[in-house]
Amino acid sequence: NPKEILHTNSFDFEKASTSAGWLKELTNGPDEHVPETEEYGIGSFVYERRLPFHSKRLLRFIETMPDNIVRSKGIMWLATRNEYSVLLSQAGLSANIEPLAYWVAALPETRRNAIFKENPEVLQSWDLKFGDRKTQLVFIGLELDKETITKELDKCLLSPSEMESDWSTLPDPFEWTIQTV
């Protein structure tokens with residue numbers, strides 16, 4: 001109940017300022033500091049792949065994501081949305097998946113060449129088969145099991161036979177569209 005904590009006049013600035021953890025940190029110096037990542041078990045890792053996700057399997061993973069993943073964000077390659085990158089932004093129970101931008105590889109050759117000329121760094125990570133298409137996701141959470149999460153995400157990637165199939169026949173749970181180039 002907010003009435004139990006608001007306007008109670010129970011905060012004592014003098015007491016708080018002399019017992020504050022930040023003061024201990026300043027006094028003891030960096031050698032005695034325990035990073036919050038260690039103190040609270042917070043960790044992160046990056047998941048990167050050069051294969052597209054099966055949209056329906058990926059959505060199922062996101063909907064059943066482990067509770068200890070408190071934040072995830074990044075760019076995804078979805079087979080059913082092969083022409084543009086998709087942004088995942090998840091915090092707690094809230095997740096947003098939306099189109100971000102066209103993959104350079106999906107653009108007409110003249111536009112691609114203009115981008116290469118203006119931004120030659122794009123070519124540094126260019127894949128001969130997939131171009132700039134890739135997935136890069138950061139996961140932040142408490143005591144993350146990187147191996148298990150990675151295995152679950154890998155199960156969401158297209159299988160070799162799906163890679164050879166017509167991707168337009170794959171189920172697409174996403175309803176958004178963007179204008180064509």
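**Figure 1. Asn-9 in the segment before helix H1.** In this predicted model, Asn-9 lies in the segment that precedes helix H1 (13-19). The phi of Asn-9 is positive, about 55°, although Asn-9 is not a glycine. Asn-9 has a relative accessibility of 77% and therefore counts as exposed, the cut-off being over 50%.

**Figure 2. Glu-143 in the loop between strand E5 and helix H6.** The loop that holds Glu-143 runs between strand E5 (135-142) and helix H6 (146-155). Glu-143 is a residue other than glycine with a positive phi, near 45°. The relative accessible area of Glu-143 is 66%, so this residue is exposed.

**Figure 3. The aromatic pair of Tyr-47 and Phe-53.** A pair of aromatic rings is described by the distance of the centres and the angle of the planes. The whole structure contains 6 aromatic pairs according to the search. One of them joins Tyr-47 and Phe-53, with 6.2 Å from centre to centre and 15° between the planes. This pair is stacked, the cut-off for that class being planes under 30 degrees apart. Both partners, Tyr-47 and Phe-53, are buried.

**Figure 4. The aromatic cluster of Trp-77, Phe-130 and Trp-167.** Trp-77, Phe-130 and Trp-167 belong to one aromatic cluster.

Key:
Residues numbered from 1 in each chain as written. Predicted model: local features only at pLDDT ≥ 70, side-chain atom pairs only at ≥ 80, totals over all residues. Heavy atoms only, no water. Phe/Tyr/Trp six-rings, centres within 6.5 Å; stacked < 30°, edge-to-face > 60°. Buried < 20%, exposed > 50% of the residue type's maximum accessible area, 1.4 Å probe, protein only. Helix = DSSP H or I, 4+ residues; strand = E, 2+ residues; numbered from the N terminus.
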